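Please look over the structure below with the following report beside it.

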Amino acid sequence: IVYGEDPRQGYTDDFVFYHPELKFYFPYPSSWTLYNSPSQVQIAPEDGKALIILSLSQTNGLEQSAQADIENFGFTVIDSRSTSINGFPAYVILADLIQKDQATGQPIEDSSVRVLNYYIQDKEIIYVFRGISHTNDFNAFTNDFKQTMNNFRRLTDPARINVEPVRIKLVKADRTASLKGILKSSGAADSDLEELSVINGMKLEDTVNKGTLIKSFNKKYMD
């Protein structure tokens, strides 16, 4: 039985996001929280004053993807340039997004958002990073944005690529002991013990009689 999310669709470890199927990885700020979904990755600090989004472009070509976003979002471009990110062709635009009153069409005072956009091409796939913040706060987050985007890299480590989903396995207690003792004997990591106690509907100090079937995780632990 598969338990939890499939790491082959992306997982985090020590504030690095890995995607085994698409074979890329990048770091993100250690105080920020990452949310992974099939359509995009979102990373945000606790105060919500900034946001990093990673998604896929629906347009072919780096500059064409950037131009499509300029038109679709109504970006006011401050700077744009071609570059390379760790061997990947890339295109960068820095732009402002000024919100307008729907009734009058006039800019709303103090509503400007600044967006740092990185378009990174890997064969036919174009990844789009956006670092977003209120214009007044943008400088405080610029290094966080660039540290993440500039460290987008090819994933080649087999140990990071060949990951498998966590599965539940049934373990027969070979002796009468505490749930914690039986779980440890089954190879469970200390970090998983509390979660496994919930799955088993028991406390870690509860006694498990010899021959009882309990649930544990069938997974490999990285060094």
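## The helix α1

An α-helix has 3.6 residues a turn, so residues three or four places apart point the same way.

Helix α1 covers residues 62-73, and its 12 residues reach 17 Å from the first C-alpha to the last, close to the 16 Å expected when the span is taken as 1.5 Å times one less than the number of residues. After α1 comes Gly74, whose phi is positive, near 75°.

## How the model was read

This is a predicted model, in which local features need pLDDT of at least 70 and side-chain atom pairs count only at pLDDT 80 or more, while totals for chains, interfaces and linings use all residues. Residues are numbered from 1 along each chain as its sequence is written, and side-chain values use heavy atoms, with hydrogens and water left out.

## Strand β4 and its partners

Strand β4 (residues 24-27) has a covered face, made of Phe24 and Phe26, and an uncovered one, made of Tyr25 and Pro27. Two strands are said to pair if DSSP finds at least two bridges between them, and β4 is joined to the antiparallel strand β3 (residues 16-19) by 4 bridges, with His19 opposite Phe24. β3 and β4 form a hairpin with 4 residues between them, and Lys23 in its turn has a positive phi of about 60°.

Strand β4 also pairs with β12 (residues 153-154) in the antiparallel sense, over 2 bridges, and here Phe24 stands opposite Arg154.

## The nonpolar cores

A nonpolar core is a set of buried Ala, Val, Leu, Ile, Met, Phe, Trp, Tyr and Cys residues joined through side-chain atoms within 4.5 Å. The largest one has 25 residues, and those touching the most other members include Phe26, Ile43 and Phe152. The largest share of this core, 4 residues, comes from α2. Apart from it lies another core of 15 residues, among them Leu179 and Leu196.

## Met202 in its loop

Met202 is found in the loop between α5 (193-200) and β15 (207-208). Leaving aside its neighbours within four places in sequence, Met202 is in contact (heavy atoms within 4.5 Å) with Leu179, Ser197, Thr207 and Val208.

How values were computed
Buried < 20%, exposed > 50% of the residue type's maximum accessible area, 1.4 Å probe, protein only.
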